[in-house]
Amino acid sequence: MNTINKPRIVIVTGVSQGIGFSICKTFLNNGDIVIGCACEPNNKNIQDLQKKHEENFSYYVVDVSKANEIISFIDCIKEKHQHIDILISNAGRNIFKGIDCDEEDWDHNFDLNLKSHWRMAKAAKPLLEVNNGVIIIITSNHAYYTLPECSPYNISKGALLSLVQSLMLNWGPKIRTVGIAPGFIDTEGNQTYFNSFDDPNKARQDIEEKHCVKRIGKPEEIGKLCLFLSSDDAGFIAGTTILIDGGRSTIMQD
């Protein structure tokens, strides 16, 4: 059911798979107009969205780690829509190289997993201000607790907590900023992780047992949380990041 009076203009980055794809579907099913981007040409997920939501979905190939591509992307949106209601800055990648990683890996991680969110927000700011827009930044449970060899990824995700605060402090109340920190979500990437084990089913069960709810998260749960946080009902939620991890952070690991 459409919960809005008229379609909103929504940007979602990293829409080609996983959490971003599910967020995109959630807003399209809500009747919104979604402009999605990712760094790869159309895949099956994107083609399916284009067929099902021909009027309300458009897709751009954008490498969000490159400033010029972000600016060109936002310029295209400005030419067509003149404003943005919601920016969901989701694109990122697991860069698990360890704290002794090469400087090249360190720089790439921060360009993609931190600086890209700042650049996207800055570029979109004038269009977001038109209708008192909302920014949602997708970080990770690694921002709060992590594992050996998950650097430098976890460091950039922790920095996103501060970015959410600073955007809210400096751009609010005209632009409201919140963050979401998902835990282990059932995506294509995590299935690849399970498949790397001799017994993928056992690997999945072992991970599920580490969660209080005895399962891992569903991508659509992140989409629905984004939908709520972007609504007027969430108007008093600002400058904070919501951890959605199935209770895994409550369990002391040994």
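## Salt bridges and sheet of a predicted model

Glu-209 and Lys-214 are joined by a salt bridge between their side chains, with N and O 3.4 Å apart. Lys-214 has a relative accessible area of 44%, so this residue is partly exposed. The structure described here is a predicted model.

In total, the structure holds eight salt bridges. Side chains of opposite charge can pair when their charged atoms come close.

| Salt bridge | N to O distance |
|---|---|
| Asp-32 and Arg-8 | 3.0 Å |
| Asp-186 and Arg-204 | 3.0 Å |
| Glu-209 and Lys-214 | 3.4 Å |

Asp-32 forms its salt bridge with Arg-8. Asp-32 sits in the loop between helix 1 (18-29) and strand 2 (33-38), while Arg-8 belongs to the segment before strand 1, so the pair ties together parts that are 24 residues apart in sequence. Asp-32 counts as buried because its relative accessibility is 0%. Arg-8, at 15% relative accessibility, also counts as buried.

The salt bridge between Asp-186 and Arg-204 joins two side chains. Asp-186 is in the loop between strand 6 (176-182) and helix 6 (188-195), and Arg-204 is in helix 7 (residues 200-209), so this pair ties together parts that are 18 residues apart in sequence. Asp-186 is partly exposed, at 34% relative accessibility, whereas Arg-204 is buried, with a relative accessible area of 19%. The cut-off for buried is under 20% relative accessible area.

The strands form an open sheet of seven, in the order 3-2-1-4-5-6-7, with parallel pairing. Strand 3 (57-61) and strand 7 (241-244) are at the edges and have a single partner strand each, so one side of each is left without a neighbour in the sheet. On average, neighbouring strands of the sheet are turned by 15 degrees against each other, direction ignored.

Within this sheet, four bridges connect strand 4 (residues 86-89) with strand 5 (residues 134-138) in the parallel sense. Leu-87 is placed opposite Ile-135 in strand 5. Helix 4 (residues 103-129) packs on the sheet and touches strand 1 (9-13), strand 4 and strand 5. The direction of helix 4 makes about 175 degrees with that of strand 4.

The loop between strand 4 and helix 4 contains Ile-99. This residue counts as exposed because its relative accessibility is 56%. Together with Trp-106 and Ile-155, Ile-99 forms a nonpolar patch on the surface, and the three have about 260 Å² of accessible area together.

Terms used. Residues numbered from 1 in each chain as written. Predicted model: local features only at pLDDT ≥ 70, side-chain atom pairs only at ≥ 80, totals over all residues. Heavy atoms only, no water. Pairing = 2+ DSSP bridges. Helix = DSSP H or I, 4+ residues; strand = E, 2+ residues; numbered from the N terminus. Axes fitted to C-alpha atoms, helices over the stretch in contact; angles between N-to-C directions. Contact = heavy atoms within 4.5 Å. Patch = residues over 30% accessible without salt bridge, like charges linked within 9 Å, V, L, I, M, F, W, Y side chains within 5 Å. Areas by Shrake-Rupley, 256 points an atom, 1.4 Å probe, with all protein chains shown as cover. Salt bridge = Lys/Arg side-chain N within 4 Å of Asp/Glu carboxyl O. Buried < 20%, exposed > 50% of the residue type's maximum accessible area, 1.4 Å probe, protein only.
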